[in-house]
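User: I've got this protein open and would like to go through a few of its residues with you. Can we take it one question at a time?

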Amino acid sequence: MDTPHPQPPERHTVFDDTQGIFTGTLFVSLALLMFNQAGLLTGGTAGLAFVLHYATGVSFGKLFFVVNLPFYWFSWTRMGREFTLKTFLAIALLSLMTEWSPQVFEIGQIHPLYAAIVGGLLLGSGCLFLARHRASLGGATIVTLYLQKAHGIRAGKVQMIVDSVVVLLALLVVTPQRVAYSILAAVLMSLFLWVNHKPGRYSVT
């Protein structure tokens, strides 16, 4: 009996990638709006942009776009042109969304614990959408996805370490209580990625 040959992975269409990147970025923008309203932050380059935002008053969207600029060369040389271009699109889109969304969507009141839980899961979901369509939100996420692809190191593990370090730096600009809630959000996001973003589980490319 002939052994059937394995089918090659199905490829995403342009429409698949477009809706996936848009949806993932939208989820992340909603999480960041919650964090901003509750005085929280997150890890990675987004966390660094939040720290600078709280310290200087410059809008998060502008800072997030600028902070990610140094990582594009690493992404281009290690992750390829397609990943880099999609990542640039996601970062630019998120920067625009966070600048524009407060004009059409306002959160009057939100408890920081609720913001940490829901925001952390929204971040994890959004990053998973982006990763499955070969995109990211730059910075540490580029490095974590490269380590998983090249060396099999779980993205969630590395992301948890990076995010925790960045959030701890936030003690310079926000209260310890807000930092504690922010760490909870970072841990929830990383656990979500750890459980759901495993090599070989998703065969569409």
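User: Which helix holds both Phe60 and Phe64?
Analyst: This is a predicted model, so everything here is computed from it. Phe60 and Phe64 are four residues apart, about one turn of the helix. The helix they both lie in spans residues 60-67, and that's H3.

User: Is Phe64 buried or exposed?
Analyst: The cut-off for buried is under 20% relative accessible area. Phe64 comes in at 1%, so Phe64 is buried. Phe60 has 8%, and that also makes Phe60 buried.

User: How many aromatic pairs are there by the ring-centre rule?
Analyst: Rings pair if their centres lie within 6.5 Å. One of the pairs is Phe50 with Tyr54, whose centres are 5.6 Å apart. By this rule the count comes to six.

User: Are Phe50 and Tyr54 stacked or edge-to-face?
Analyst: Both sit in helix H2 (residues 44-56), four residues apart. Planes under 30 degrees apart count as stacked. Theirs are at 20°, so the pair is stacked.

User: What angle do the ring planes of Phe60 and Phe64 make?
Analyst: The ring centres of Phe60 and Phe64 are 5.5 Å apart. Their pair is stacked because the planes are at 15°.

User: Which residues form one aromatic cluster?
Analyst: Start with the stacked pair Phe50 and Tyr54. Then bring in the other stacked pair, Phe60 and Phe64. The cluster is made up of Phe50, Tyr54, Phe60 and Phe64.

User: Where is Leu137, and is Leu137 buried or exposed?
Analyst: Leu137 is in the loop between helix H6 (112-132) and helix H7 (140-151). Leaving out residues up to four places away in sequence, Leu137 touches several residues, including Phe64, Ile91 and Cys127. With 8% relative accessibility, Leu137 counts as buried.

User: Which residue's backbone oxygen does the side chain of Lys86 reach?
Analyst: Lys86 is in helix H5 (residues 81-100), and at 12% relative accessible area Lys86 is buried. Beyond four places away in sequence, Lys86 touches Asp17, Ile21, His133, Arg134 and Ala135. At 3.2 Å from the side chain of Lys86 is the backbone oxygen of His133.

Note on methods
Residues numbered from 1 in each chain as written. Predicted model: local features only at pLDDT ≥ 70, side-chain atom pairs only at ≥ 80, totals over all residues. Heavy atoms only, no water. Helix = DSSP H or I, 4+ residues; strand = E, 2+ residues; numbered from the N terminus. Buried < 20%, exposed > 50% of the residue type's maximum accessible area, 1.4 Å probe, protein only. Contact = heavy atoms within 4.5 Å. Polar contact = N/O pair within 3.5 Å; in protein donor to acceptor, adjacent residues only side chain to side chain. Phe/Tyr/Trp six-rings, centres within 6.5 Å; stacked < 30°, edge-to-face > 60°.
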